[in-house]
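Here is a friendly briefing to read alongside the model. Take a look at the structure first, and then we can walk through it topic by topic.

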Amino acid sequence: TSVIQVTATDADDPTYGNSARVVYSILQGQPYFSVDSKTGVIRTALMNMDREAKEYYEVIIQAKDMGGQLGGLAGTTTVNITLSDVNDNPPRFPQKHYQMSVLESAPISSTVGRVFAKDLDEGINAEMKYTIVDGDGADTFDINTDPNFQVGIITVKKPLSFESKKSYTLKVEGANPHLEMRFLNLGPFQDTTTVHISVEDVDEPPVFEPGFYFVEVPEDVTIGTTIQIISAKDPDVTNNSI
């Protein structure tokens with residue numbers, strides 16, 4: 001693949017022998033690049049160059065007159081070459097299991113925790129989309145992608161109750177939304193992880209059941225007569241006395 005063409009000028013008379021006949025050669029940058037000795041076109045010399053392994057290259061090109069023969073004069077130039085990124089690395093979760101905890105009093109939309117699928121690419125090629133694909137907590141929790149740090153933020157979707165359910169499991173997927181068809185054989189360009197969420201108990205106030213009473217009392221009722229028994233229940237597991 002052609003990268004760039006360099007051109008050296010020689011002030012000598014081109015019609016006089018080889019004084020102005022310039023030959024190009026590469027002094028630094030092999031085996032990654034080569035240069036056409038006549039045209040000065042720099043080309044890639046290796047297949048499948050990897051930006052994640054080496055991104056910047058300093059290539060030094062020499063131009064020598066006298067057709068490159070001994071005794072010719074030479075000049076050099078430096079070409080700085082940067083590899084641009086392509087989406088050839090699939091995202092991968094560094095851990096297959098996450099353990100999180102949340103108070104049962106956590107309000108809707110509050111953050112439970114974060115997951116992260118690492119992608120060696122950069123920019124748009126490293127963008128991530130997180131989704132909950134399975135688990136008994138799929139209806140209770142939600143996940144959104146932070147566009148700045150490409151992490152998945154798990155939030156509370158429905159009210160929690162330690163007394164009703166003490167733990168949940170989520171299967172979370174992280175996937176690249178921008179795929180390059182020529183690299184699909186390097187995929188799959190998504191990965192999954194399991195998130196275990198423990199619900200923590202908090203001391204909750206007693207609750208009257210029902211929350212409203214209507215009582216009729218005769219006007220001549222005697223003092224000390226029981227007219228109604230009301231009952232409040234402690235929702236906590238400890239069932240503290242009221």
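This is a predicted model: local features need pLDDT of at least 70, side-chain atom pairs count only at pLDDT 80 or more; totals for chains, interfaces and linings use all residues.

Pro 91 counts as buried because its relative accessibility is 0%, where buried means under 20% relative accessible area, exposed over 50% and partly exposed in between, using a 1.4 Å probe and protein chains only. This proline is found in the loop between S6 and S7; strands here are DSSP runs of E with at least two residues, and helices are runs of H or I with at least four, numbered from the N terminus.

Residues are numbered from 1 along each chain as its sequence is written, and side-chain values use heavy atoms, with hydrogens and water left out.

**Aromatic pairs**

- The structure holds 4 aromatic pairs; rings of Phe, Tyr and Trp (its six-membered ring) pair if their centres lie within 6.5 Å, and planes under 30 degrees apart count as stacked, over 60 as edge-to-face and the rest as tilted.
- One of them joins Phe 33 and Tyr 57, which is edge-to-face because the ring planes stand at 80°, with the centres 5.4 Å apart.
- That pair links distant parts of the chain, as Phe 33 belongs to strand S3 (residues 33-35) and Tyr 57 to strand S5 (residues 56-64), 24 residues apart.
- Both Phe 33 and Tyr 57 are buried.
- Another pair, Phe 93 with Tyr 130, is tilted, at 6.2 Å centre to centre and 55° between the planes.
- This second example also links distant parts of the chain: Phe 93 is in the loop between strand S6 (74-82) and strand S7 (97-103), while Tyr 130 is in strand S9 (residues 129-134), 37 residues apart.
- Phe 93 and Tyr 130 are both buried.
- Tyr 32, Phe 33 and Tyr 57 together form one aromatic cluster.

**Charges over rings**

- The charged end of Lys 54 sits over the ring of Tyr 57, 5.0 Å from the ring centre; the criterion is NZ of Lys or CZ of Arg within 6 Å of the ring centre and within 35 degrees of the ring normal.
- Lys 166 lies over the face of Phe 162, at 4.9 Å from the centre of that ring.

**The largest pocket**

- The largest pocket has a volume of about 390 Å³, the volume being the space filled by probe spheres set on grid points that are joined across faces, edges and corners.
- On a 1 Å grid over the protein atoms alone, a pocket is an open set of points with protein on both sides within 12 Å along at least five of seven lines, whereas a cavity is a set where a 1.4 Å probe fits but cannot get out; lining residues have an atom within 4 Å of a point.
- Of the 13 residues that line the largest pocket, Asn 48, Met 49, Val 86, Asp 88 and Phe 183 are the closest to its centre.
- The lining divides into 5 nonpolar, 3 polar and 5 charged residues, with Ala, Val, Leu, Ile, Met, Phe, Trp, Tyr, Cys and Pro counted as nonpolar, Asp, Glu, Lys and Arg as charged, and the others, Gly among them, as polar.
- Domain 1 (2-82) and domain 2 (85-237) each give at least three residues to this lining, their bounds coming from an automatic or database domain assignment.

**Backbone geometry**

- The peptide bond from Gln 30 to Pro 31 is cis, with omega near 0°, and Pro 31 is found in the loop between strand S2 (23-28) and S3.
- A cis peptide bond also runs from Glu 209 to Pro 210, with omega near -5°; Pro 210 lies in the loop between strand S14 (207-208) and strand S15 (232-233).
- Asn 48 is not a glycine, yet has a positive phi of about 55°.
- Asn 48 lies in the loop between strand S4 (41-44) and S5, and is exposed, with a relative accessible area of 72%.
- Gln 150 likewise has a positive phi, near 60°, and its place is in the loop between strand S10 (141-145) and strand S11 (152-156).
- Gln 150 counts as buried, at 16% relative accessibility.

**Two valines**

- Val 207 lies in strand S14 and counts as partly exposed at 39% relative accessibility.
- Val 151 lies in the loop between S10 and S11 and counts as buried at 13% relative accessibility.
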